[in-house]
Amino acid sequence: PLEDAMNKLIRLSTRWFAMLAMALAIGLPRPAAALDICVQTLGDLVDGLQQAQVYQQDGTVTLRLVAQTYNWSTGGTYILVNRLNLLGGYNADCSAVTVNPANTIINGLGQLELVFYQAGLGLTVEGVQFRDTYFLDVLSGSDTCLDYGEEVTWRRTIIDTDYSGFRIGNSCGEVILQNNLVRARFGTQVSVTPSSLAADAFITNNTFIDSFEGDGLQLFWGEDPDEAAVFYISNNIMWNNFGNGLVLRYPSAQPEIHAYHNFWDGVVVTLDTNIENYASDPLLDANGVPSVPTSPAINSGTNSPPGSLPAVDIIGNPRLIGSAADRGAYESNVVDTTELVVTNASDGGTGSLRQAILNANSDPNFSIIRFAIPGQFGALLSPQSPYPDILAPVRIDGFTQSGAQANSSQWSNNAQYRIDIAGGGTVSYAFRVPTNAPPGSRLELSGMRIAGFPTAALLQSGR
């Protein structure tokens with residue numbers, strides 16, 4: 001009953017919030033510059049959120065939280081007339097960041113009511129732990145959007161509260177919920193209530209556990225059967241909750257729901273796609289981390305979820321360590337593959353990429369080809385003919401070369417590449433999975449720049 005009353009209050013409030021947000025956005029003058037604050041105290045945090053309610057020149061407010069605990073008991077509703085980026089893990093002067101929700105904590109002391117209302121300008125929260133909040137909500141009015149297509153992104157956080165649930169939604173664009181651990185009294189509610197254009201929710205690699213008065217993950221789809229919304233739910237764990245793992249709340253009609261590689265304790269929804277989802281114990285430890293090496297969540301997820309696989313897990317570990325991503329927020333260090341290492345840029349012989357592919361083809365199990373070529377700036381590989389056909393499952397990962405890194409930015413590509421493969425315009429293709437490849441053959445390519453070929457990769461079979 002308490003949860004239903006809270007939901008009703010939220011639904012009744014959003015229209016008023018939308019009208020007020022529009023009035024603020026239109027009526028306030030534009031300051032000279034955007035706002036970027038290094039949050040060193042609770043006062044800085046409160047001031048920054050208040051400033052997010054004042055329109056900035058480029059419509060963006062970024063709050064970089066110094067890694068520490070902020071004891072905060074008297075928050076409120078923040079009506080955002082800018083895009084807000086709330087980012088944790090910074091050092092004392094915000095010159096460097098280590099994203100891990102264990103190091104940046106907003107402690108609500110059982111009293112903090114923290115509500116963000118955004119009307120289409122977007123929101124990103126990353127690297128923060130919310131502890132003992134009384135309310136924690138992201139609301140979006142379905143009647144008014146100041147912009148369309150802007151994402152609400154909530155990733156790499158921990159929400160741990162015995163007082164409330166966690167609600168996040170968007171009416172003007174996508175919802176991206178990724179790499180979070182949620183342990184909340186009433187569970188998690190994700191709402192997609194499109195105002196005009198279609199909107200989707202991508203819920204990937206989260207752990208929803210120990211909700212002692214609710215369901216693990218609740219999907220909310222508004223009240224208009226003409227709204228176009230799709231939920232994509234991949235690589236999640238929903239376990240040990242009072243109710244079911246996955247439910248649909250207040251439906252007026254059935255939205256599209258596609259589920260891939262999840263663990264859950266009960267489902268009360270109709271699934272349009274149901275692939276490798278299991279109602280079995282994922283064997284988590286007391287902190288929600290899969291037990292090594294026995295957890296069935298380890299190396300059992302999909303590497304290609306809708307909306308893309310995160311590059312790292314909740315605490316910054318590479319998301320792909322074994323043959324497949326782990327399910328849930330955490331990635332283990334369990335390697336269930338054969339590892340082959342390229343140690344030189346030669347076009348053949350021991351230590352070459354060509355030889356590594358030949359070795360992988362001789363092993364029916366999954367192989368990972370890594371790079372460890374000496375040199376500060378990586379290596380240029382110049383094959384004089386196509387590499388051997390791929391006849392087994394293999395991943396060729398250029399990001400394993402020293403100095404390389406996968407992209408970690410939502411707004412740009414900050415990846416660093418150290419392996420280049422150049423065909424010189426005379427080689428027809430670099431890689432091929434041929435039509436006669438054995439069943440189970442599979443090619444994954446990452447972390448390389450491939451140029452000078454009419455076709456970089458031919459995928460004639462396999463996956």
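Reader: Where is the place of Asp210?

Author: Good place to start! This is a predicted model, and in it Asp210 sits in the loop between strand 18 (207–209) and strand 19 (217–220). The backbone there is worth a look: Asp210 has a positive phi of about 60°, although it is not a glycine.

Reader: Which other residue has a positive phi although it is not a glycine?

Author: Asp132 is one, with a phi of about 55°. Asp132 belongs to the loop between strand 9 (129–131) and strand 10 (135–139). With a relative accessible area of 23%, Asp132 is partly exposed.

Reader: While we are on the backbone, which peptide bond is cis?

Author: Look at the one from Val292 to Pro293, where omega is near 0°. Pro293 is found in the loop between strand 26 (273–275) and strand 27 (338–342).

Reader: Now the side chains, please. What describes a pair of aromatic rings?

Author: Two quantities do: the distance of the centres and the angle of the planes. In this structure the count comes to eight aromatic pairs. One of them joins Tyr78 and Phe116, at 6.5 Å centre to centre with 35° between the planes, and this pair is tilted.

Reader: Why does the pair of Tyr78 and Phe116 tie together parts that are apart in sequence?

Author: Because Tyr78 lies in strand 4 (residues 77–80) and Phe116 in strand 7 (residues 113–118), the pair bridges parts 38 residues apart in sequence. Tyr78 is buried, at 7% relative accessible area, and Phe116 is buried too, at 1%.

Reader: How should I read the pair of Phe399 and Tyr417?

Author: Apply the two quantities again. The ring centres are 5.6 Å apart and the planes stand at 35°, so this pair is tilted. Phe399 and Tyr417 both lie in the loop between strand 30 (393–397) and strand 31 (419–422), 18 residues apart. As for accessibility, Phe399 is partly exposed at 22%, and Tyr417 is partly exposed with a relative accessible area of 22%.

Reader: Which residues form one aromatic cluster?

Author: Select Phe130, Trp154 and Phe166, which make up one such cluster.

How values were computed: Residues are numbered from 1 along each chain as its sequence is written. This is a predicted model: local features need pLDDT of at least 70, side-chain atom pairs count only at pLDDT 80 or more; totals for chains, interfaces and linings use all residues. Side-chain values use heavy atoms; hydrogens and water are left out. Rings of Phe, Tyr and Trp (its six-membered ring) pair if their centres lie within 6.5 Å; planes under 30 degrees apart count as stacked, over 60 as edge-to-face and the rest as tilted. Helices (H or I, at least four residues) and strands (E, at least two) are DSSP runs, numbered from the N terminus. Buried means under 20% relative accessible area, exposed over 50%, partly exposed in between (1.4 Å probe, protein chains only).
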